[in-house]
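Thanks for coming, everyone. Please take a look at the sequence and the model on the screen, and then I will walk you through a few places in it.

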Amino acid sequence: MEKKYDAGLLKDEEYPRQQMLLQTQTPDKGDIVGLEDEVDKIKERLLRDTKQLQFISIFGMPGLGKTTLAKKLYDDPSIVRHFDKRAWCVVSQNYQIRNILIDILTSMDVLNEDARKVADEGTLGEALHKCLLTSGRYIIFIDDLWNVDAWNQLQTYIPDGRKGSRILFTTRDEDFASEASNFSKASLMENNALKCLTDEECWHLLQRKVFQQNSCPENLIVAGKEIARKCGGLPLAVVVIAAVLTNMEKEPKLWEDVAKRISSHMAKESNKYMNILKHSYYSLPMHLKPCFLYFGIFEEEREIEVRKLISLWIAEGFIGKVEKNRRETVAQMYLEHLINRSLVQVAQRRRDGGLKTCRIHDLLRDMCLRIAKEHKFMKVIQNRLSIYEQYQRLSIHSRSIPSFSRPFGLHVRSLLGHLPDPSTFIFGNLKLLKVLDLSSMDYRFYNSTRVEHLVLLGFLAVSSIPSSIEKFENLEFLFVDNSEIVEIPENLFNMVKLRHVYFSGGAQFSKSWRERAAKGETFPKSILQRISYISIDDENDEKILRYSPNLRKLKCTFAVFFDSSENNYRYPILNFLSQLESLSIYLRRSYVIDNPCLDLTDLPSKLIRLTLSNFNLSLEQMKMIGNLLDLEVLKLRDGTIERKRWDTSEGEFKELKFLELDEVQIEQWNTSSDHFPKLERLVLRSCQLLEIPSDIGFCDHLLKIEVHGCEESVELSTLKIKEEQEDYRDDLEVIISHSR
């Protein structure tokens, strides 16, 4: 039973740790293509005329060139001349402070062989402290620092001396870089994020590695640039694939084949580099390990929608509750931890700065697949499926899997990708399935026999709503990838665990439900927390929505309708949604009445995020929005304000952090920094506004102003704000572009 049903469970065991380099080694010099600016920037900081001890970190994903950059600085002649003593040590994960102290003292030539053999940590620490105290100006390079405890132990032996000494370390973890800085005795702390190479820089590095000083033959340039592009900006990937190209004939067809199948070529060559990458996985706390391995389930080079990823993690059971936080909040924290550990990249951010999509580098994805296979955690199918391989999670990436090669067995918990014809499935043998993603398929499995056996299903992604949706009594997440507006079946609201529903093409309540609402009938209350997006066209839709009192997020379209009880036209009112935190409304213009009034007096009181599109608001309505006590994000799109003028007052927008005006027709904005006490980011797109009020620059928390596709006067006022603020601060970022 254990072998059959527990396959794929990660055990909380002590994984073997292997160091990338011996502690006594320093790395080879290597190329610094694309890092030249970083070298100059950090060198300037190392050589600046400040007497305090300065602490500088370089962090980024594995294989990005942190060690190469640090070694370049270590050997730089100006660094050698400037400092009286230099030291290099590698800490890694299984560090021993005694060995680190030996490395530092040895590289400073103050430790003989006998002392190395007999000295204990305390004696070595005292020797280091004395050496640094009397040596004048020193610099210590600490490579691959993972643990803040290691730094805390080491820094007890490092004096300041106020002689302009420096400590530089490399790490993969942004959180750790900040944490180490907080615990540092250094007076000056600076963290430097190492960025990925551009496609052109990758191509330059690839040529250097393959052809040395020679130039690339012209008939290989097109394929070579495609190979460089697919390296994803990671120098390590360039090095890996360069080894493949160096050992093959310089023939265009062969290089084109590498470009088409670069992942498989990297996988064959990357064994010797895999320990460098696995280091990052082994250092993860247990709760992050399955979340990270799960990235292997997605196709390579794919941007992954954060909303869907988090839903999958929860359905898989990876996310536990942390105190009073909701699981979605905890999952968001987990993802940010993986990003800060340089394992996951941000692909796109929402306009308000939140995460929209993310990705993982192909080399790290390959590592995920290897580790996942070792633990039978997951399997990606490229050609055919063996029913004898007992993996819990199966992701099928080929569209040509034969129907007879179908998933089978109680060990299967998740099915994603291009599945064989589901009508051939024997769902009675998939009773433990938790995740089923059929969104990439046109097949209709919904009327298949015995589908009711999938009682544990927590996540379902489909192209249309199953007629048997109520059979999935444990379903929490439903993603419908529809191209046209669909009717929501009545039985969907009867589901006892369904919390999140997404319709990519929109949805509306069924005709039968609306007829029942018109007759005054009642409906069962749902536990839905999110609907995106739904049409609310009349008072009957409004009545039905009242039976979802737990909604926290709602994306909808509004239409003007005639209210028979009030004998007038109006938009829907949503004040009954007392738990609602995020509301997005697209207002459809009326052909029945010229100027319908959107009633904002009864907006849900707990709103944190509000988006209004296609609107026409009065000055009084803008004041109502400003008086929402908890509002942090406001997006106004494609609309106008009365008299094309916006006046704000003190006491409004007390919590607002993000403001976006997108194609908003206003020509005059009268405001003060006191009216936006917590504003951090202002975004304007295609606005007719004559200028941004200069007082906005004095908002205490303002960090960024973005202007896209606006009038020249708006751009000039933005630059003026930037100039005015230079005397007071240097952290205000201004972005101006002529496109939206």
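**A buried serine and its surroundings**

Let's start with Ser 548. Its relative accessible area is 0%, so Ser 548 is buried. Keep in mind that this is a predicted model.

Where does Ser 548 sit? It lies in a loop, between helix 21 (539–545) and strand 18 (553–558). What does Ser 548 touch, leaving aside its neighbours within four places in sequence? The partners are Phe 493, Ser 526 and Leu 577.

Take Ser 526 next. It is in a loop too, the one between helix 20 (511–518) and strand 17 (530–536). Its relative accessible area is 4%, and the cut-off for buried is under 20%, so Ser 526 is buried. Not counting residues up to four places away in sequence, Ser 526 touches Phe 493, Tyr 547, Ser 548, Pro 549 and Asn 550. Notice Phe 493. It is in contact with Ser 548, and Ser 526 touches it as well.

**The whole protein**

Now step back. The protein has 740 residues, and buried ones make up 54% of them. It has 23 helices and 30 strands. Consider contacts between residues at least 6 apart in sequence. Of these, 59% join residues at least 24 apart.

Find helix 10, residues 199–211, and helix 12, residues 235–246. They pack at an angle of about 40°, and their axes are 9 Å apart. The two helices are therefore oblique to each other. The crossing of helix 10 past helix 12 is right-handed.

Which residues make the contact? From helix 10, they are Cys 202, Leu 205, Leu 206, Lys 209 and Val 210. From helix 12, they are Pro 235, Val 238, Val 239, Ile 241, Ala 242, Leu 245 and Thr 246. By type, that contact has ten nonpolar residues, one polar and one charged.

Leaving aside neighbours within four places in sequence, Gly 232 is in contact with Cys 196 and His 361.

Helix 3 covers residues 66–75. Seven of its ten residues are buried, so helix 3 is largely enclosed by the rest of the structure. Those buried residues are Lys 66, Thr 67, Leu 69, Ala 70, Lys 71, Leu 73 and Tyr 74.

Helix 8 covers residues 148–155. Its buried residues are Val 148, Ala 150, Trp 151, Leu 154 and Gln 155. Look down the axis of helix 8. The buried residues fall within an arc of 155°, so they line one face of the helix.

Last stop: Phe 658, in strand 26 (residues 658–665). Its relative accessibility is 3%, so Phe 658 counts as buried. What is Phe 658 in contact with, beyond its neighbours within four places in sequence? The list is Arg 351, Asp 352, Glu 632, Val 633, Leu 634, Lys 635, Leu 679, Arg 681 and Val 683. Pick out Lys 635. It is 23 residues from Phe 658 along the chain, and their C-alpha atoms are separated by 8.1 Å.

That's my tour. Thank you.

Key:
Residues are numbered from 1 along each chain as its sequence is written. This is a predicted model: local features need pLDDT of at least 70, side-chain atom pairs count only at pLDDT 80 or more; totals for chains, interfaces and linings use all residues. Side-chain values use heavy atoms; hydrogens and water are left out. Axes are lines fitted to C-alpha atoms, for helices over the stretch in contact, and angles run from 0 to 180 degrees between N-to-C directions. Helices (H or I, at least four residues) and strands (E, at least two) are DSSP runs, numbered from the N terminus. Angles under 35 degrees count as roughly parallel, over 145 as roughly antiparallel, 65 to 115 as roughly perpendicular and the rest as oblique. A crossing is left-handed if the near helix is turned anticlockwise from the far one by less than a right angle, and right-handed if clockwise. Contact means heavy atoms within 4.5 Å. Ala, Val, Leu, Ile, Met, Phe, Trp, Tyr, Cys and Pro count as nonpolar, Asp, Glu, Lys and Arg as charged, and the others, Gly among them, as polar. Buried means under 20% relative accessible area, exposed over 50%, partly exposed in between (1.4 Å probe, protein chains only). The arc is that of the directions from the helix axis to the C-beta atoms.
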